[in-house]
Amino acid sequence: MTVNNWSPSISKADGPLYLAIADALSVDIASGRLPGGFRLPPQRTLADQLGIDFTTVSRAYAEARKRGLVEGRVGQGTYVRMRRPSGSQATVTGVVDMSMNLPPRFDDPDLAARMWDGIAELQAGDGLGLLMRYQEAGGTLRDRAAGAMWLALRLGDIGPGRLMVCPGAQGALLALLGALAAPGETICAEALTYPGLLAVAEHLRIGVTGVAMDAEGLIPEAFEETCRKRAPKLLYCTPTLHNPTTTTLSQARRERIVAIARQHDVLIVEDDAYGALPLNPVATFAALAPEITYHIAGLAKCLAPALRVAYVVVPQERTVAHLAGAIRATAGMASPLTASLATRWIETGVAQSVLAAIRVEATQRQAIASQLLPSSLVQANAEGFHVWLKLPSDWNRSDFAARLRSAGIGVVTSDAFSVSGPAPEAVRLGLGAAPNQASLAASLETVADLLGQQSTMSSMVV
């Protein structure tokens, strides 16, 4: 099929002509008459063929792009979008690596098309200028304003003056710790904490003291004792959907921790990686104690891991310059391309739609885990996408992980999260890594089967 031999059959009786053209295009794509990658006639050529106004064809092509049917390529024309199999159509029989804690992949081709359209819109807007420039370390005013808009529901009206755009949450953490603590000084964190924090602290030669936890999260009394004995520079914590235990600190505990931090002159670094997921979130530390809290809100867990953008809210505008210097010294700047894409998604509502889709998929995957795994061993939250699995008494974490690895399933043992002292016999399962729910179920069935065996019965020595 050549570029000039597609012409839709339409009439004024079909309603607005631009919609009729888009509908005809949809039918021909669905029937296979127009394959993925087929180049459509130029708009003016099609307008001449149909004897209609050029503007009508232009609106039709725009409508087709909105529906995710076609894509524009600058200087080349308009092409039928290549369709990849959706998650529900893909092969789902294999087990998966659940060691990475990724947001679950939703099955919504139209929303996925809108995400990709954001890149095309950037190309049509700033275009080459976006690719061929540096920017200030903390992000442009527009990008910072978009970040403030994104965080408004959790932090209130912070404005762009106290917000900085960073190259991902890990980059933000590196800049913050480098700016707030010196080599040889001590910070504290939950006894089980994000491995990335431990890696940054080791790199900067900063000591980390673990604060005891219980089933409800960090224990305020243990934090107070740590403050008295160790005088830490700051407390790093993940109060919402904690990684790895899934706990969310109650507001009462948060208020108690804030009071202790103020009393002992301790800063709080709040990692809010999962904070966008709950529909009814608990008040953040940044909202409760803005004068002592540095708030990190990455987009990797709530939108897309490939979008290496994080927003950092600082206590005062005058501290922005200090943090900007740390970002400049470590990463230079956040990528203007990814920061602009995040801004575009937020401004157009795509980000909110993606977050909603992730929430739905996460809840469904948690329901599958709840059905397949023993409730007595599982610690989970219906709004998150990982599970903390406590092992039966006859299993140790190393053997359990090894048995799963031999079956093709990866998990993370508690050792990776342990700050100090003996790690519990537990593993973290990431429910989002599976490409679809059927693959997740197959993997969890294997995990459940292994839990039902004695460790000595599942091993083979030759």
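Visitor: What is the volume of the second largest pocket, and how do you know?
Guide: The volume comes to about 580 Å³, meaning the space filled by probe spheres set on the grid points, which are joined across faces, edges and corners. A pocket here is an open set of points on a 1 Å grid over the protein atoms alone, where a 1.4 Å probe fits, with protein on both sides within 12 Å along at least five of seven lines. The model is predicted, so local features need pLDDT of at least 70 and side-chain atom pairs pLDDT 80 or more, while totals for chains, interfaces and linings use all residues. Residues are numbered from 1 along each chain as its sequence is written, and side-chain values use heavy atoms, without hydrogens and water.

Visitor: Which residues of the lining lie nearest the pocket's centre?
Guide: R65, W116, D117, A120 and E121 do, out of 25 lining residues, each lining residue having an atom within 4 Å of a point. The largest share, nine residues, comes from α4, a helix (a DSSP run of H or I, at least four residues).

Visitor: Why is S99 called buried?
Guide: Its relative accessible area is 19%, and buried means under 20% with a 1.4 Å probe, protein chains only, so S99 qualifies. Beyond its neighbours within four places in sequence, S99 is in contact (heavy atoms within 4.5 Å) with G410, V411, V412 and R428.

Visitor: And why is P16 called partly exposed?
Guide: P16 has a relative accessible area of 45%; exposed would need over 50%, and partly exposed lies between that and the buried limit, so P16 is partly exposed. P16 is found in the segment before α1 (17–31).

Methods
Helices (H or I, at least four residues) and strands (E, at least two) are DSSP runs, numbered from the N terminus.
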